[in-house]
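Please read it beside the sequence and the structure.

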Amino acid sequence: MGQIRNIVILTGAGISAESGIDTFRSAGGLWEQHRVEDVATPEAFARDPNLVLRFYDMRRAAIQEKLPNPAHFALAELDANWKGGLLIVTQNVDDLHTRAGARRVLHMHGEHLKAWCTSCDVRSHWRGPLIERPPCPVCQARTLRPDVVWFGEMPYRMGEIYAALREADLFVSIGTSGAVYPAAGLVRNARDLGISTLELNLERSQGSDWFHETRLGPASEVVPAWVAEVLG
Ligand code: OAD
């Protein structure tokens, strides 16, 4: 695998699938059960906040019942042992990377376990429901919303992601369909920068043609195998 010092990893719903968290675009996935426009846009929240809050309350409760799987643990092991640069950029709003022990994690689509107060702009750790409009722990306003990026909103910390990519020698995409931008465009940014690119996924994705190499299989198998290879 040549001289690799700095690695950027992008993860998607596929890495949490074997933990029992639904992906978005598979048969029976979340976006088949719910229309995006009904639950995951600012317009939906303005139109029917109870529907949106109930949806996220259920998801927030559900992820707390789930456990990290071998793919999360493998990336945590990589994080603990990799001396070079590493950034695990996740589109997932669960906390399974962190619970597995990974530290260098960036949540570009927000986090289920945080609530964002639109009055004072502070994000607070949050485990319970929001449907009853609890007060913000900081300013007491009853204006908390899920700290999750909705369609039509800007993903978080893109500047940090691009900065890490500019320093990277390897870009690895794990368990994502390549359907949602800007995350789906990172492989092309990596190619433009001359970085090696590797995809680990259950099946070929919309973005597969952009990668130098794609390895197919369940994340719980292909991710630990790749990490073992990298750590030598
Ligand atoms: P998707 O549901 O679009 O894609 C999941 C990917 O994981 C697919 O390519 C599957 O083949 C793959 N997959 C499924 N099971 C797997 C397994 N056991 N091992 C490895 N791969 C597996 O989810 P994302 O690409 O993460 O955004 O979706 C991207 C964004 O779209 C999400 O962050 C969310 C959603 O709308 C927002 O909510 C803003």
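1. A term is needed before the pockets are listed. On a 1 Å grid over the protein atoms alone, a pocket is an open set of points with protein on both sides within 12 Å along at least five of seven lines, and its lining residues have an atom within 4 Å of a point. The model discussed here is a predicted one.

2. By that definition, the second largest pocket is lined by Asp95, Thr98, Val105, His107, Glu111, Leu113, Lys114, His125, Trp126 and Arg127. The space in this pocket comes to about 180 Å³. Strand E3 (105–107) and strand E4 (110–117) each give at least two residues to the lining, and E4 contributes the most, with three. By class, the lining of the second largest pocket holds three nonpolar, three polar and four charged residues.

3. The largest pocket contains about 920 Å³ of space. Its lining is made up of 46 residues, of which Ala13, Thr23, Phe24, Arg25 and Ser177 are the closest to the centre. Two or more lining residues come from each of helix H1 (14–17), helix H2 (30–33), helix H5 (49–63), strand E8 (196–201) and helix H10 (219–231). The classes in the lining of the largest pocket are 24 nonpolar, 16 polar and six charged.

4. Where does the ligand sit? The ligand is in the largest pocket. Around the ligand are 23 residues, and those that come nearest are Ala13, Phe24, Arg25, Thr176 and Ser177. This shell consists of 10 nonpolar, 10 polar and three charged residues.

5. A polar backbone atom of Gln91 is 3.2 Å from an oxygen atom of the ligand. A nitrogen atom of the ligand lies 3.3 Å from a polar backbone atom of Leu202. For Glu203, an N or O atom of the side chain is 3.3 Å from a ligand oxygen atom. On its own the ligand has 790 Å² of accessible area, and the protein covers 92% of that.

6. How many cavities of 30 Å³ or more does the structure hold? There is one, and the largest cavity has about 100 Å³ of space. Its lining consists of Ala13, Ser16, Ile21, Asp22, Phe24, Arg59, Ile63, Asn92, Val93, Asp94 and His112. Five of these lining residues are nonpolar, three are polar and three are charged. Ala13 and Phe24 line this cavity and are also among the residues that come nearest to the ligand.

Definitions and conventions: Residues are numbered from 1 along each chain as its sequence is written. This is a predicted model: local features need pLDDT of at least 70, side-chain atom pairs count only at pLDDT 80 or more; totals for chains, interfaces and linings use all residues. Side-chain values use heavy atoms; hydrogens and water are left out. A residue is near a molecule or strand if one of its heavy atoms lies within 4 Å of it. A polar contact is a pair of N or O atoms within 3.5 Å; within protein, one must be able to donate a hydrogen and the other to accept it, and residues adjacent in sequence count only if both atoms are side-chain atoms. Accessible areas come from the Shrake-Rupley method with a 1.4 Å probe; for residues, only the protein chains shown count as cover. On a 1 Å grid over the protein atoms alone, a cavity is a set of points where a 1.4 Å probe fits but cannot get out, and a pocket is an open set with protein on both sides within 12 Å along at least five of seven lines; lining residues have an atom within 4 Å of a point. A molecule sits in a cavity or pocket if more than half of its atoms lie within 2 Å of its grid points. Ala, Val, Leu, Ile, Met, Phe, Trp, Tyr, Cys and Pro count as nonpolar, Asp, Glu, Lys and Arg as charged, and the others, Gly among them, as polar. Grid points are joined across faces, edges and corners, and a volume is the space filled by probe spheres set on the points. Helices (H or I, at least four residues) and strands (E, at least two) are DSSP runs, numbered from the N terminus.
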